[in-house]
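User: I would like to go through this model term by term. Please set each value against its definition before drawing a conclusion.

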Amino acid sequence: GGSLRCHAARPSFQGLEPHLASMIKDVDDFKPDVAIVDPLSALLSSGALHQTQGMLPRLIDHLKTVGLTALFTTLQVNDDQTDLSVSSIMDTWILVRNTSKGDDVVRRLQVVKSRGMSHSSQLRVMEIDKEGVQVKRAPPVPTARKRPQKRKGQPR
């Protein structure tokens, strides 16, 4: 076999439990070093929130048990999106947000947490270009300048 296997399956096709069983079987058969679940948020469309929140820890636990590095993505339109309640069992949490600057889209990257290792808390800019993914320092955010306070007796 090859070194990359893509398994595209909609969880809504079979339901969450058969989908979980299928994912675990694929991992056990292929024995990869890395597993990517993209997007995690698609699981919400396949069942109730409590079902999805019950399935995810089982999947994550299995991936950790067999020693895999796992990458999960989620699509989040705004901050009001339902929480999948997995942040407490993730080792590293990286947040990428798209913001607008004029006619451009700026991707801002932030390491929310990274258990057991030092990491920067600074906001970064992530660019995707012909060289690949570039992570750069974010330019300072302009802040409103305070006006100097007038002293008593100073002319206006």
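User: What is the accessible surface of the protein chain, and what percentage of it belongs to carbon and sulfur atoms?

Analyst: The accessible surface comes to about 12300 Å², and carbon and sulfur atoms hold 52% of it. Accessible areas come from the Shrake-Rupley method with a 1.4 Å probe, and for residues only the protein chains shown count as cover. This is a predicted model, in which local features need pLDDT of at least 70 and side-chain atom pairs count only at pLDDT 80 or more, while totals for chains, interfaces and linings use all residues. Residues are numbered from 1 along each chain as its sequence is written, and side-chain values use heavy atoms, with hydrogens and water left out.

User: How many helices and strands are there, and what makes a run of residues count as one?

Analyst: The protein chain has 3 helices and 6 strands. Both are DSSP runs numbered from the N terminus: a helix is H or I with at least four residues, a strand is E with at least two. Along the sequence the pattern reads α-α-β-α-β-β-β-β-β.

User: What percentage of the 156 residues is buried, and what does the word require?

Analyst: Buried residues make up 22% of the 156. The word requires under 20% relative accessible area; exposed is over 50% and partly exposed is in between (1.4 Å probe, protein chains only).

User: What is noted about the phi of Lys 31, and is the residue buried or exposed?

Analyst: Lys 31 has a positive phi of about 50° although it is not a glycine. The residue is in the loop between helix H2 (16–30) and strand E1. With a relative accessible area of 63%, Lys 31 is exposed.

User: Which form does the peptide bond from Asp 38 to Pro 39 take, and where is Pro 39?

Analyst: That bond is cis, with omega near -15°. Pro 39 is in the loop between strand E1 (34–37) and helix H3 (49–65).

User: Why is the pair Arg 58 and Glu 17 called a salt bridge?

Analyst: A salt bridge is a side-chain nitrogen of Lys or Arg within 4 Å of a carboxyl oxygen of Asp or Glu. For Arg 58 and Glu 17 the N to O distance is 2.8 Å, so the pair qualifies. Arg 58 lies in helix H3 and Glu 17 in helix H2, so the pair ties together parts that are 41 residues apart in sequence. Arg 58, at 40% relative accessibility, is partly exposed, and Glu 17 is partly exposed at 44%.

User: How many salt bridges does this rule give?

Analyst: The count comes to 5. Among them is the one between Asp 29 and Lys 25, with the closest N and O atoms 2.6 Å apart. These two are 4 residues apart in helix H2, about one helical turn. Asp 29 is partly exposed at 48%, whereas Lys 25 is exposed at 52%.

User: Which residues are linked with Asp 91 in a network of salt bridges?

Analyst: Lys 64, Asp 91 and Arg 115 form that network. The side chains of Asp 91 and Arg 115 meet at 3.0 Å, N to O. Asp 91 lies in the loop between strand E2 (69–72) and E3, and Arg 115 in the loop between E4 and E5, so the pair ties together parts that are 24 residues apart in sequence. Asp 91 is partly exposed at 37%, as is Arg 115 at 41%.

User: How do you know that strands E3 and E4 pair?

Analyst: Two strands pair if DSSP finds at least two bridges between them. E3 (residues 92–101) and E4 (residues 104–114) are joined by 10 bridges and run antiparallel, so they pair. Thr 92 stands opposite Ser 114 in E4. The hairpin has 2 residues between the strands, and Gly 102 takes a positive phi near 65° there.

User: Why does Arg 124 have no salt bridge?

Analyst: The nearest side chain of opposite charge, Glu 127, is 12 Å away, and the rule asks for within 4 Å, so no bridge is assigned to Arg 124. Lys and Arg count as positive and Asp and Glu as negative, while His and the chain ends are not counted. Arg 124 is buried and is found in strand E5 (residues 124–129).

User: What makes a polar contact with the side chain of Arg 124?

Analyst: The side chain of Gln 122 does, at 3.1 Å. A polar contact is a pair of N or O atoms within 3.5 Å; within protein, one must be able to donate a hydrogen and the other to accept it, and residues adjacent in sequence count only if both atoms are side-chain atoms. Contact as such means heavy atoms within 4.5 Å. Leaving aside neighbours within four places in sequence, Arg 124 is in contact with residues including Arg 107, Leu 109 and Val 135.
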